[in-house]
Amino acid sequence: MKKTRIPSLLLSAALLLPSLPFAQAAEAEDWLIPRTVDTPPAFTDAAGTIAEDAARICFQAGLMTGVDDTHFSPAAPLSNAQIVVITARLHRLLATGSLGDFDSYRLPQDEWWHPYDNYLEEQLPALAATQSYANTCDNPTGVCYRYNFFKMLAAVLADTDTALPKRNEVNAVPDCQDPDIIQFYQAGILGGKDVYGTLDERGPLTRGAAAAMLGRLIDPSLRLTLELETLDLCKELLDLAPETPLMEVDGKTVTAEQFAVPYAENLLYYSGHFAGMTLELNGGWEGGETAKEIAQFIQSEALAEAMGIPAPASSEHYLDGYMGLTAAGQEWYARYKSLRAAVWDALGEESFPDLPEITYTEHWNQDQMQSLSYKIRKLPGWSNGYTP
């Protein structure tokens, strides 16, 4: 959506806060950004909610206002227009210590956020050039998703060289290993949606939840100390430890974790097909199909070596905990999946020789694999499948 640009010196919007001289803001010495307002209004609808203190902090810091003098609307959705405004204000405050140029400038009601968009296009062109930002601006009244919220805040921190002190040892959660977002877990600003710290990237944000996390960003005394649990895909699906040997193919041992990833993908894939749902009831059919798939993975390694096909190079950095897997399990699956694809390209998928024999260990229990598609869809991170 193309908008008329407004010069930086005239940047503004409705509901802006009166600014205080920068020297006066030194009162909040431990805050990430200075106060712009001394006395906030009493938001009667925030009392007793997670936004009670956060609404006051966000108002005083100049990041959020109320919907009127006495209401914050903590349960209302945070709109895409509002996250654009918050992002611009945060950048301006971190860069200069003041809201400065954000002075009153009258605009139609549906354009009130445009000056902030213009500011971000000028100051953070890399952010403004992303498709997610374009989608945000194309739907200003739509609800802001959790992923976009943190990616936009992360862009501000990076551009202003703002480092957040690390207080939690978190490198990945079941549905996120993006360092831009993980930094907020490490700093105690983001705790996640469950005991595993699940991000829920497509989850909508309320104004109250956004204020609570912004409050932790502004005031270090509010930051969280996390003790997250670790999701274990093998335990959840197979009741086995990741290193448990399940089968042997061509002299190579396949562990429960190496089996679990393609098995979980097959559960998701076939559960969406009528034939797959029928076959699933026939003794854990996806388990047998997954065993054949893994046999083809291992067969591909020998074929690639015989044909002089190099192992696919990867620049990915894998982290324990993502999707309930170890880093080694993720790397194993990515390598063999890429290797099979390379052999398919060279030979043709229909030209593979017969599969090598599969020898199962005492831990193999295909009956236990029956009708587990309902379970995989409930596990954090797996509702949208897995991409190595």
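In which handedness of crossing does α10 pass α13? The first legend answers this.

**View 1. Helix α10 crosses helix α13.** This is a predicted model. Here α10 passes α13 in a right-handed crossing. Helix α10 covers residues 256–270, and helix α13 covers residues 327–347. Their axes come within 9 Å. The crossing angle is roughly 65°.

**View 2. Residues at the contact of α10 with α13.** From α10 come E257, Q258, V261, P262 and E265. From α13 come G329, W332, Y333 and K337. Four of the contact residues are nonpolar, two are polar and three are charged.

**View 3. Two cysteines, C58 and C176.** C58 has 0% relative accessibility. C176 has a relative accessible area of 5%. Buried means under 20%, so C58 counts as buried. C176 is therefore buried under that cut-off too. A disulfide covalently joins the sulfur atoms of two cysteines. Across the whole structure, a search finds zero disulfides.

**View 4. Helices α7 and α11, the two ends of the confidence scale in this protein.** Confidence is highest in helix α7, residues 179–186, with a mean of 98. It is lowest in helix α11, residues 274–280, with a mean of 48. Over residues 274–278 the pLDDT stays under 50. For that stretch the model has four contacts beyond four places in sequence.

**View 5. The stretch of residues 1–27.** The mean pLDDT of the protein is 86. Of its residues, 86% reach 70 or more. Over residues 1–27, however, the pLDDT is below 50. This stretch still has 69 contacts in the model beyond near neighbours in sequence.

Note on methods. Residues are numbered from 1 along each chain as its sequence is written. This is a predicted model: local features need pLDDT of at least 70, side-chain atom pairs count only at pLDDT 80 or more; totals for chains, interfaces and linings use all residues. Side-chain values use heavy atoms; hydrogens and water are left out. pLDDT is the predictor's confidence in each residue, from 0 to 100. Helices (H or I, at least four residues) and strands (E, at least two) are DSSP runs, numbered from the N terminus. Contact means heavy atoms within 4.5 Å. A disulfide is a pair of cysteine sulfur atoms within 2.5 Å. Buried means under 20% relative accessible area, exposed over 50%, partly exposed in between (1.4 Å probe, protein chains only). Axes are lines fitted to C-alpha atoms, for helices over the stretch in contact, and angles run from 0 to 180 degrees between N-to-C directions. A crossing is left-handed if the near helix is turned anticlockwise from the far one by less than a right angle, and right-handed if clockwise. Ala, Val, Leu, Ile, Met, Phe, Trp, Tyr, Cys and Pro count as nonpolar, Asp, Glu, Lys and Arg as charged, and the others, Gly among them, as polar.
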